[in-house]
Amino acid sequence: MSVKSRIVRWILNIAVIIAFWIRGQFKSDWFQWQKTDSKANTWRALDMVSGRSGFYFSRQAFSFDRPGYVEEYARQLKRIAGFGHAEGEAQSMPYQGTFWNRLGFGSRVNGQQSGYFGTFNDRSNYRYSFDGCHVPYWFLSLLFACGGLPLLLRLRAQRRRSRRLRANQCLSCGYDLRATSGRCPECGQLINSSIAHA
Ligand SMILES: [Zn+2]
């Protein structure tokens, strides 16, 4: 892949983050994956939600004691089996209180918890874990922006090299070599046609 097309892809990646950032002020996008395993009586889900200030990721794993309850639980959540997308209201950052939360970072790892599902007389206990984290758009944009800087430097070096080749200048220092052969009188770089045409 050429440097130029990698730069185009890099800019598109940043544009996608900024698009979610702007859209997140009005709507949230829920990218969800869920799996109900009736045999094992488990329900698992992974979510990515675009909020107002960043992406929220979560992982849920439920394990029911009584057979049959996991299907009913999944049905009541009205979630799409497999991979799905849903649109929702604008979402605020779910973690509040600390300095890092104010910057848009946050996470919660709850470990194993328990609860029950069903009516009082007819219910199943379940164990679950529900962990999440939040990464701010500004950080992702900055990360992507910095990640692409080497590409810009490479593009600049490429352009300088082809410009010097065209103008018959030293590839190393840019000294005018039209009246010289052998080594560059300025920096000592070997003038080699095989380098020049590489
Ligand atoms: Zn030179």
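**A walk through the predicted model**

Of the 198 residues in this protein, 12% are buried. Keep in mind as you look around that the model is predicted.

Let's start with the overall outline. The C-alpha atoms fill a box of roughly 100 × 35 × 25 Å along the principal axes. The radius of gyration is 28 Å, whereas a compact globule of 198 residues would have one near 16 Å. The domain assignment gives two parts, domain 1 (27–136) and domain 2 (167–198), and the centres of domain 1 and domain 2, taken over C-alpha atoms, are 64 Å apart.

Next, the secondary structure. You can count six helices and seven strands, and along the sequence they follow the pattern α-β-β-β-α-β-α-β-β-β-α-α-α. Among the contacts with a separation of 6 or more, 56% are between residues 24 or more positions apart.

The largest nonpolar core has six residues: Trp43, Phe62, Phe64, Tyr69, Val70 and Tyr126. Strand S3 (54–64) and helix H2 (69–77) are the elements that give two or more residues to this core. In soluble globular proteins, nonpolar side chains tend to be buried together.

Finally, have a look at strand S4 (residues 82–89). None of the eight residues of S4 is buried, so this strand lies largely in the open. S4 does have a partner: eight bridges join S4 to strand S1 (residues 27–37), and the two run antiparallel. To find the pairing on your screen, look for Ser28, which stands opposite Gly88 in S4.

Definitions and conventions. Residues numbered from 1 in each chain as written. Predicted model: local features only at pLDDT ≥ 70, side-chain atom pairs only at ≥ 80, totals over all residues. Core = buried A, V, L, I, M, F, W, Y, C linked by C-beta atoms within 7 Å. Buried ≥ 20, exposed ≤ 12 C-beta atoms within 10 Å, placed from the backbone. Helix = DSSP H or I, 4+ residues; strand = E, 2+ residues; numbered from the N terminus. Pairing = 2+ DSSP bridges. Domains from an automatic or database assignment. Rg over C-alpha atoms; globule rule 2.2 N^0.38 Å. Contact = placed C-beta atoms within 7 Å.
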